[in-house]
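Here is a short note to read beside the model. Please keep the structure open as you go through the points.

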Amino acid sequence: MQETLTPTRRRSALPIFIACAYGLAWLVALPLWLGDGLNSPWFMVVTIAMMFTPAVAALVAVLVERPQKKAQALGLVPLQPVGRLLRHLALGLVVPIVVCLAALPIGHLAGVFPADFTGFSGFQQITEQQLAQAGVDELPLPIETLAALQIINVLVAALVINLLPALGEEIGWRGWMLPKLLRFGPWGAIGISGIIWGLWHSPLILLGYNYPGTPGWLALVAMVALCTIMGGVFGWLRLRSGSVWPAALAHSTFNAAATTYFLFIAADATFDPLHATITGWTGWILPAVVVLLVVLTGRFSPVYQGSAGDLPRDDQ
């Protein structure tokens with residue numbers, strides 16, 4: 001016999017989820033705090049492991065909540081209609097690349113990102129320095145070809161390398177948690193989920209990740225702003241597809257595309273990540289417009305009603 005959700009289980013599941021996600025994140029990151037911080041040889045292992053903690057927390061929450069459709073409560077299903085799923089998977093691949101690349105000319109126009117969009121002078125300088133360290137005197141291919149190969153690498157990373165860790169986060173944030181917050185309306189759901197997701201990064205942000213040299217409190221504010229805006233984009237894909245997979249692909253692609261700035265930076269140039277690239281305020285402009293349009297047109301709403309997903313409401 002399948003069990004129904006009691007009010008007590010519904011109320012307790014969310015704080016249990018948040019406590020587990022935060023507690024596990026800090027526990028996983030503890031070796032960095034006790035060791036060499038971001039310079040620790042365990043840094044990549046820790047960051048990847050940390051990305052799975054929201055999924056573990058969501059599984060704990062599901063055990064507490066005991067919904068009738070557990071896979072649907074996590075956003076893992078439905079996978080149909082196939083056409084709708086494929087459309088949103090395509091958006092999950094394209095939209096993050098567009099917003100990450102668009103952040104660069106916007107930052108350049110604002111005077112905070114020193115760019116070379118045609119000569120790739122900074123990318124060439126970085127590449128030549130790396131080759132010199134390996135004992136190679138000249139570029140193996142024209143710099144334009146090498147830049148194009150880096151864009152291909154973004155796609156490979158998005159579709160293969162980053163996808164599983166990104167899914168680890170998205171099962172928690174958008175798969176399970178976001179539908180629980182829709183009772184606060186679209187703006188409330190976006191804002192609350194953005195704060196929770198942003199502050200979850202505290203173990204790394206307070207060590208200087210993403211915003212090196214920035215006071216910890218300000219770095220956390222910036223991270224919350226970034227997570228609120230991009231979380232709105234990922235949430236839109238999750239709700240309109242009816243499953244977590246497009247959001248996971250978008251998250252994976254975003255992580256892969258966020259570093260493409262090194263292709264277009266000018267030689268001998270530096271920038272402040274608080275202001276430039278997708279981590280800075282100039283990079284938030286385009287995705288914020290996307291989120292605004294999504295909410296104002298009524299698209300930040302689920303195609304399935306109910307926290308666990310019941311009957312289709314529409315097929316848009």
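1. Gly111 sits in the loop that joins α5 (82-109) to α6 (121-133). Helices here are DSSP runs of H or I with at least four residues, strands are runs of E with at least two, and both are numbered from the N terminus. Gly111 is exposed, at a relative accessible area of 64%. The scale is this: buried is under 20% relative accessible area, exposed is over 50%, and partly exposed is in between, with a 1.4 Å probe and protein chains only. Gly111 and His275 are 164 residues apart along the chain, and their C-alpha atoms are separated by 9.5 Å.

2. A word on the source. This is a predicted model, where local features need pLDDT of at least 70, side-chain atom pairs count only at pLDDT 80 or more, and totals for chains, interfaces and linings use all residues. Residues are numbered from 1 along each chain as its sequence is written, and side-chain values use heavy atoms, with hydrogens and water left out.

3. Phe120 belongs to the loop between α5 and α6. Its phi is positive, about 50°, although Phe120 is not a glycine. Is Phe120 buried or exposed? Phe120 is buried, with a relative accessible area of 12%.

4. The peptide bond from Val77 to Pro78 is cis, with omega near 10°. The bond from Gln80 to Pro81 is also cis, with omega near 0°.

5. Now the largest pocket. Its volume is about 950 Å³. A pocket is found on a 1 Å grid over the protein atoms alone: it is an open set of points where a 1.4 Å probe fits, with protein on both sides within 12 Å along at least five of seven lines, and lining residues have an atom within 4 Å of a point. Grid points are joined across faces, edges and corners, and the volume is the space filled by probe spheres set on the points.

6. Which residues lie nearest the centre of the largest pocket? They are Tyr209, Asn210, Asn255, Ala258 and Thr259, out of 35 lining residues. By class, the lining has 25 nonpolar, nine polar and one charged residues. Nonpolar covers Ala, Val, Leu, Ile, Met, Phe, Trp, Tyr, Cys and Pro; charged covers Asp, Glu, Lys and Arg; the others, Gly among them, are polar.

7. α2 (43-51), α8 (163-181), α9 (185-200), α11 (216-241) and α12 (245-257) each supply at least two residues. The largest share, six residues, comes from α2.

8. α8 deserves a look of its own. A kink of about 45° is centred on Glu170. The bend at a residue is the angle between axes fitted to the seven residues ending there and the seven starting there. α8 is mostly covered, with 17 of its 19 residues buried.

9. Asn210 lies in the loop between α10 (202-205) and α11. Asn210 has a positive phi of about 75° although it is not a glycine. At 24% relative accessibility, Asn210 is partly exposed. Pro215 is found in the loop between α10 and α11. Pro215 is partly exposed, at 44%. Pro215 and Ile205 are 10 residues apart in sequence and 9.9 Å apart, C-alpha to C-alpha.

10. Cys20 is partly exposed at 22%, while Cys227 is buried at 2%.

11. Last, α13 (281-296) and the segment after it. Pro287 is found in α13 and is buried at 0%. Ser301 has its place in the segment after α13. Ser301 is buried, at 13%. Its side chain reaches the backbone oxygen of Gly298 at 3.2 Å.

Terms used. Polar contact = N/O pair within 3.5 Å; in protein donor to acceptor, adjacent residues only side chain to side chain.
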